[in-house]
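Take a look at the model first, then read on.

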Amino acid sequence: AYNLFFRLERKRIIAGIDHLPMVVTLECARDISVEQKDKPKRQHRKSHGKISFRELARVIARRWKIIGIPNRNILEAQAIMEKETYQEELRLWKVG
């Protein structure tokens, strides 16, 4: 769930909309998940320059500690679905 939250918050911070209240929907959580799956590996490129990774991680960790229960529940539900999908794919890979 934290990984999904991290991706979502990172996007919001870089877009400059992190001052707005966060409302996580199941569709939003699915989009973040699907977006990551469909992404090909990229070559290293210059940073966006808005915030260092260290500061980004600190800010997001602080926000994770105070995230509302409804938002956390949605992210945790999506994380459980992703884990089940991964375990099924792994099982099929081991069999085949």
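This is a predicted model: local features need pLDDT of at least 70, side-chain atom pairs count only at pLDDT 80 or more; totals for chains, interfaces and linings use all residues.

**Ground rules**

A residue is called buried when its relative accessible area is under 20%, exposed when it is over 50%, and partly exposed in between (1.4 Å probe, protein chains only).

Residues are numbered from 1 along each chain as its sequence is written, and side-chain values use heavy atoms, with hydrogens and water left out.

Let's start with helix 3, residues 53-66. Helices here are DSSP runs (H or I, at least four residues), numbered from the N terminus, and strands would be E runs of at least two. Helix 3 has 14 residues and reaches 20 Å from its first C-alpha to its last, close to the 20 Å expected at 1.5 Å a residue. That expected span is 1.5 Å times one less than the number of residues.

Which residues of helix 3 are buried? They are L56, V59, I60 and W64. Looking down the axis of helix 3, these buried residues fall within an arc of 140°, so they line one face of the helix; the arc is taken from the directions from the helix axis to the C-beta atoms. The face turned away from the buried side carries the exposed residues R54, K65 and I66. As for partners, the buried residues of helix 3 pack against helix 1 (2-15) and helix 4 (69-95).

**The nonpolar core**

A nonpolar core is a set of buried Ala, Val, Leu, Ile, Met, Phe, Trp, Tyr and Cys residues joined through side-chain atoms within 4.5 Å. The largest one here has 16 residues, and those with the most contacts inside it are F5, I13, M22, L56, I60, I67 and L75. Helix 1, helix 2 (26-38) and helix 3 each supply at least two residues of this core. Its largest share, five residues, comes from helix 1.

Take I67 from that list: leaving aside neighbours within four places in sequence, I67 is in contact (heavy atoms within 4.5 Å) with F5, M22, R72 and L75.

**Rings around W64**

Now for the aromatics. Rings of Phe, Tyr and Trp (its six-membered ring) pair if their centres lie within 6.5 Å; planes under 30 degrees apart count as stacked, over 60 as edge-to-face and the rest as tilted. By this rule the count comes to four aromatic pairs. Y2 and W64 form an edge-to-face pair, 5.5 Å centre to centre with 80° between the planes. This pair links distant parts of the chain, with Y2 in helix 1 and W64 in helix 3, 62 residues apart. Y2 is partly exposed at 28% relative accessible area, whereas W64, at 15%, counts as buried. F5 and W64 make a tilted pair, 5.1 Å centre to centre with 50° between the planes.

Y2, F5, F6, F53 and W64 form one aromatic cluster.

Q78 lies in helix 4 and, at 6% relative accessibility, counts as buried. Leaving aside neighbours within four places in sequence, Q78 is in contact with L4, L26, A29, R30 and S33. E82 is found in helix 4 too, but E82 is partly exposed, at 25%. Not counting residues up to four places away in sequence, E82 touches L4 and S33.
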